[in-house]
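Subject: A structure for you to explore

Hi there,

Here is the structure I promised to hand over. Have a look around it first, and then read my notes below.

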Amino acid sequence: MIRTLVMLGFWAALLPVAALIGFPWTLLVGNVNFLYRMTMWGAWTGVRLAGIRVKTVGLDKIDPARTYIFMSNHVSNIDPPILMPLIPRRMSIMVKKELFRVPVLAKLMRFGSLVPVDRGNRESGISAVRAAAEVIRQGLNMTIYVEGHRSFDGKLLPFKKGPFYLAEECDVPIVPVTIVGSHYVMPKRRFAIKPGTVTVIFHPPIEPKDFGSRDCLMAKVRKAIDGGLPAEMQEAEPTTTQDTKVHQGRASV
C-alpha cells in the first residue's frame, strides 16, 4: 500500500507543476510536446518510485522514424504508465469520451490528439476509428489495448475488431506487445503495488504487405502476444484435423 501511495503522491505533487507551467505553455503556444514529455517523465518516475523495475525486449528493433500501431495485452492499471513512456516519439490513445466533458482537460486532450470513444456504442466506435486514422496520418503512433478490457488471470481475452479496421485503413505496421508481470505487481481490483519486474516485449512489426485478411491479421497479432506470455497463461494450440483423426482412431481401437 505504501508503494502505491508514494507513486500517487509523486503524481499529485507533479500535477501543480503541470498546471502552473505545462498547461499554460501548451495553451499559449498551441503545442503539446513539452507537456507530453513532462507527463511521460512523471509516469515513468512514479512507476520506478513504486519499486517496479521494467525490462524491455525488442524495443531496439523499432524504427523511431516510422509510425506504428502498438497493440498490447492489458492486465493491470499499471500497464499504461509502464508502456506509454517506452513508445518512441509522441503517441496517442483512445480515452473515455466522458473526460472530454471537462473543459480545460478536453482542450488539452484535443491538443494532444487523443481520441474519444464510447465503448458501449457501436457508432461511436466507428467514429473513433476514423478519428484515430486521422491522428495516425499526422505521423503519431497509436497505442491500443486490443482486448478492450483488463484480464483477470493474465490470459488473453477476445480481441476487439476496431483496431484491425484501423490498421487496414491506415496501412501502417502493427507492433504486437506483450506485457508480463504487471498482473503480479498490481492485480486487477487491487490497490496495493508489490515490488517486482515487469517485462515489455515488442514483437517484430507486421508490415501491411503481410496483413492478409482481417481474420488472418488478428490471428497473427494474437499468436505473437500470446507467445510472449508465461507458458501457463498461453492458449492451447488448436488440434489439427490430422491429430483429431489419429486421436479418434486410437479411441476406437
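**What I found**

Let's begin with a pair of neighbours: Lys-209 and Asp-210 join their side chains in a salt bridge, with 3.4 Å from N to O. Keep in mind as you read that this is a predicted model. Lys-209 is exposed, because its relative accessible area of 71% is over the 50% cut-off. Asp-210 has 34% relative accessibility and counts as partly exposed.

How many salt bridges are there? The count comes to seven. One of them pairs Arg-66 with Glu-207, whose closest N and O atoms are 2.9 Å apart. This pair links distant parts of the chain, as the two residues are 141 residues apart. Arg-66 sits in the loop between strand 1 (52–57) and strand 2 (69–72), while Glu-207 belongs to the loop between strand 8 (196–202) and helix 8. Both ends are partly exposed: Arg-66 has a relative accessible area of 32%, and Glu-207 has 21%.

Another salt bridge is formed by Glu-235 and Arg-222, and here the closest N and O atoms are 2.6 Å apart. Glu-235 lies in the loop between helix 8 and helix 9 (241–252) and Arg-222 in helix 8, so the bridge ties together parts that are 13 residues apart in sequence. Is Arg-222 buried or exposed? With a relative accessibility of 19%, Arg-222 counts as buried, because the cut-off for that word is under 20%.

Glu-134, Arg-137 and Glu-169 are linked by them in a network.

**How two helices pack**

Two packed helices are described by the angle between their axes and the distance between those axes. Helix 6 (residues 162–170) and helix 8 (residues 214–227) pack at an angle of about 110 degrees, and their axes are 10 Å apart. That makes helix 6 roughly perpendicular to helix 8, because angles from 65 to 115 degrees count that way. The crossing of these two helices is right-handed.

Which residues make the nonpolar surface patch? They are Val-17, Leu-20, Ile-21, Trp-25, Leu-28, Val-29 and Phe-34, and the patch has an area of about 690 Å². Helix 1 (residues 2–29) provides the largest share of the patch, six residues.

**Two backbone angles to look at**

Most residues other than glycine have a negative phi. Arg-89 is not a glycine, yet its phi is positive, at about 65 degrees. You can find Arg-89 in the loop between helix 3 (79–83) and strand 3 (91–92), and at 36% relative accessibility this residue counts as partly exposed.

Asp-171 also has a positive phi, near 60 degrees, and is a residue other than glycine. Look for Asp-171 in the loop between helix 6 and strand 7 (174–180). Asp-171 is exposed, with a relative accessible area of 51%.

How values were computed:
Residues numbered from 1 in each chain as written. Predicted model: local features only at pLDDT ≥ 70, side-chain atom pairs only at ≥ 80, totals over all residues. Heavy atoms only, no water. Patch = residues over 30% accessible without salt bridge, like charges linked within 9 Å, V, L, I, M, F, W, Y side chains within 5 Å. Areas by Shrake-Rupley, 256 points an atom, 1.4 Å probe, with all protein chains shown as cover. Salt bridge = Lys/Arg side-chain N within 4 Å of Asp/Glu carboxyl O. Helix = DSSP H or I, 4+ residues; strand = E, 2+ residues; numbered from the N terminus. Axes fitted to C-alpha atoms, helices over the stretch in contact; angles between N-to-C directions. Parallel < 35°, antiparallel > 145°, perpendicular 65-115°, else oblique. Left-handed = near helix turned anticlockwise from the far one by under 90°. Buried < 20%, exposed > 50% of the residue type's maximum accessible area, 1.4 Å probe, protein only.
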